[in-house]
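Work through the exercises below with the sequence and the model open. Each task is followed by a stepwise solution.

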Amino acid sequence: MTDDGKQRKSGLTAFLDLCRETLELGGKTLDFLSTAMRQMQAPRRPPEPLAKSGRSEDRELETEAQIQRRERIGTGLVICFFLLAVLGGIGFLIAYWSGRNNTQVLGGSLALFLCGMGITLVLWARLLVVQKEAVEQRHPLQSSPLAQKVAAKAFCDGAHDIRRRRLLAWMGVGGAGLFGAMVLSLLRSLGMSPDKSLYSRIWKGGQRLVTSDGKPLSLSSLETGSMVTVFPEDQIGAERAQTILVRVKEHLLQLPSERAGWAPSGYVAYSRVCTHAGCPVGEFEAEQSILLCPCHQSTFDVLRAAAPTGGPAARPLPQLPLYADADGTLRAGGGFTAPPGPGFWGIS
Amino acid sequence: MITEKIARQASEAIDSRLRAAKFIRTALNHVFPDHWSFMLGEIALYSFMILVVTGTYLALFFHASSAKVIYNGSYHALDGQKVSVAYRSVLNICFDVPAGLLVRQMHHWAALIFLWAILAHMARIFLTAAYRKPREMNWLIGLTLLVLALVNGFFGYSMLDDLLSGTGLRIGYAILISIPLVGPWLAFLFMGGTVPNPATLPRMFALHIFLVPGLITALLGLHLFMIWRQLHTNYPGPKRTNRTIVGSRLWPAYTGKSIGLLLLVFGVIAGLGAFFQIDPVWTYGPYDPASTMAGAQPDWYLGWVEGALRLFPGVNLRLGHWLIPEIFFPAVLMPSLLFLFLYSWPFTEKLFSKDTGDQNVLRLPYEQPFLTAGGAGLFIFLLVLLVSGGDDFLALAVGGSVVEIRTILRIVVLIAPPCAAVLTYFICVRVMRRKALRTRMTSPEASAEAAAPDEMALEPRPPVDVHELTPGGE
Amino acid sequence: MPCKEGTIKIYLSASQPCSTPCIQANVGNNMAENKARARCRFILGCAMACLALWVLCWPASGQTPEPNAKPDGGAIFAQRCAACHGDRGQGIAAAVTIAGPSLQAEHDLGMVMTAVESGPSHMPVFSRVLKSAQIQAVARYVTTDLAVIPLAHGNIGEGGKTFRMYCAACHRTAVRGGVLAFAGRNAPDLKNKSAALIAGTIRWGPGTMPKFPSSVLSDEQLASTVDYVRFVQHPPNPGGNPLKQVGPVSEGGVGAIAVLFLIGITGWIERGGKG
């Protein structure tokens, strides 16, 4: 027991040591970086005035010869980059007016022009402009008490000249309120009331299931493990009406008892609009008999009434009751079990 | 000198009409601190300029209508297909309008870079505590600009009526309708009914090219005006106190550098537009209600919401007859809480800090371990969500199952942020201690000097004369 | 001869105990169970493929039929090919990959002969086992008797529409493959697949892919879809580098790199600045 405790303790100290070392290492790295940054940023103060580098930060320490050299080099560089920019500009004009409309040539020459000009200007500002550090006093933002008092007095004096102020205030409030109501009521033209279409269950009993080409489907249309997107006859191509018809092995189905007759010969149909974010649930994985939404990877179990089995969806896909008529044509036995589409406040 | 003569004549001409000499002098002498991190916001500003310029060009050729037509254009793989007018006009821009594809790609790349730059700028402001008095209002405006940029990016992405943007629109609708009580009304108000709806595209177009950019421009003007009025902050250092500003003047050094950066941002975006294909709508195909695609992601700036959508488990809340759908929590609640936190942060921080008066000298990240640790945790949280937004490609790349990878990511998103925060905290504390030690060792005066700015901030303000009330300063 | 047939029978019966639980595994829909089954299936599949390879490459000297008889393509197919490709050439899916793809759209005699002689991917090489006359006979049998799926020229536009309705949900619009729900079962990249293979696979539905019989996709629609896939295998990329056709994910990454580059530029512009 004591042995065990000792071991654990030593393990703990080892762990703490490790943590400490890691922290130390992190601190050291940061220190090193910050010193490096400082050295890069701060003007170098060489120990002897003689050992000067020709860098632009050290303006105050430059000799006349160095200044002349920097300006000569700077002028050369500036001219080079300007010429490059000119090349880009001419290239763009030729590329555009030749009518070839090649994005790479057009954009490349434009980028060459812009970058060339940009580098020219920056080089100019860094090498050919005398660098002076300016120090200015900030003026306090707050005005003096006197100035504040003067402004307040100006307002109050003006207000004193207004007669019947209360009436004016009431009129102002009333007018603004009325105007607001007028403007807000214009919003009504933007949309209809959401009640009607949101709660629709889309299908009517007896409607045939048709493909996007309008072909009706019968019991012999699908093999086990195949699927097709179907619509009600009167709403082909409508977003909320899209329905996925899948055929699975009949004996594997585990629909709730009240939906037992809804799957003739293993045909089941569900709304194809995901209950999570409204994407079409277009992926059918035949081996596992699951439907997968390609947007957020919610999975629905085809065999168990499209119950959500994974991913972010919480509600099952609404099911469409099916039946086959005398000549085997598939028809809807009624509307979806719930309004299709993503959830909202009053959906249930 | 001829330049001086022209300058004198021009200034005389302007001044005699506007009395602008004083303002021009102040403006040219305006001091900008020299540090790369002050230029992150400029990258965002310049990408926005490109967005406006390229967007105007594109708007001349784009038709926001979802009316159906038969396509017979330059992209033969869609010959004879029923597509919307909007989609056809986009294909027309890509294949027929001279330089159309270049401008479209530049527009899209500029949007991605705009948002990355905003994020980098915001991270700098947050980590150096630049949002403190007197700059709280500008933090709020900046955040609002971020929200507007996100929203406008989504509109632009969803407007083209290709299969990818149609998928995005469906998800946007699902998110909107999931809001308790008002969701359906909001969704119908904005989209004009359930998706797809002929009213949606023209509405998004109007918002995308007119209302939101207008708001962004106005707020951007305000943002810049406030920076101008309040002056920039300075990093701590010699001569930098709460009462001074150190840097280079607008004219000529800063002008050269800034316009140079503008051209370079333009150039990099032009290069991206030329050599990296973005959003190939012709490969995605036209939007059709029964069509769907795997690998549909939003643009990166909404990738964290997409990641949250994927990671959040399938749990919804039933309140008797009513339902709060599972999508509400990750897509509405989480971002709302995040932005609520960010909006209130400058004011929340005041409750804990002892700062008084204006704060014009920045804090370095390691000097405020709690804040930096929180920022690191938040960053890692959003980064894990962003990665989760593309977890299907992660699964494809490593050859694993998306289900397993998602389980791992669900654990990581909960564990990694606190770990990152704790680690950052200890590193900061360590660096701070080491710095303090070094300062004490090198010079006793230095530590006294370091404390100086705070003392100066506490000094009583000198009286200010009424002239200062006129805009443009002295 | 009898020895040979015997071995094939052993092979077929050996595959029996594997395939039955596999089918039952699909019922359970239990993920862990499925994964275990998939692993078992993978091992068994590998064993099976090795066995098949061994059987089919067995030197057939001394057992060849009389030299002067005209080779019967059907018999050779039944003997050598049906084990993997099915007795009607409809294809067999085994283990985690396709053991023998459907041959029902193979109309090109030359292609079939080349395949038999050279053995593409994991198909055994038959050039030493079969004589050229026999190879020709079996290829003729495949292209005339088994290839029942017509592959006329379709309409690429229509094919695209069908592809986006039924195929893009797994294979993505750029036919570069996508994820499915379970391990090792990602929808494959179609970039290098031949027209015959694509057409055969659509009808046949190997593994977890659903079947698309002619009542769902007519022959014209099938041909159109195949044409579209063949087109998108090499889509036009007028905008430059397609970034692996991954879409917003890779675009966001490139955007991030570009911004880091721009930040580097600001570092260069403000080099030495202390803020």
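**Exercise 1.** State whether strand S3 (residues 227-232) of chain A is enclosed or open, and why.

Solution. Step 1: count the buried residues (buried means under 20% relative accessible area, 1.4 Å probe, protein chains only). Six of the six residues in S3(A) are buried, so the strand is largely enclosed by the rest of the structure. Step 2: check both faces. A:Met227, A:Thr229 and A:Phe231 are buried on one side. A:Val228, A:Val230 and A:Pro232 are buried on the other.

This is a predicted model: local features need pLDDT of at least 70, side-chain atom pairs count only at pLDDT 80 or more, and totals for chains, interfaces and linings use all residues. Residues are numbered from 1 along each chain as its sequence is written, chains are lettered from A and ligands numbered from 1 in the order written, and side-chain values use heavy atoms, without hydrogens and water.

**Exercise 2.** Find the strands that pair with S3(A).

Solution. Strands are DSSP runs (E, at least two residues), numbered from the N terminus. Pairing takes at least two DSSP bridges. Step 1: strand S2 (residues 209-210) pairs with S3(A) in the antiparallel sense over two bridges. There, A:Val210 has A:Phe231 as its bridge partner. Step 2: strand S4 (residues 243-247) and S3(A) are also antiparallel, over four bridges. A:Val228 stands opposite A:Leu245 in S4(A).

**Exercise 3.** How much of chain A is buried?

Solution. Of the 348 residues in chain A, 41% are buried.

How values were computed
Buried means under 20% relative accessible area, exposed over 50%, partly exposed in between (1.4 Å probe, protein chains only).
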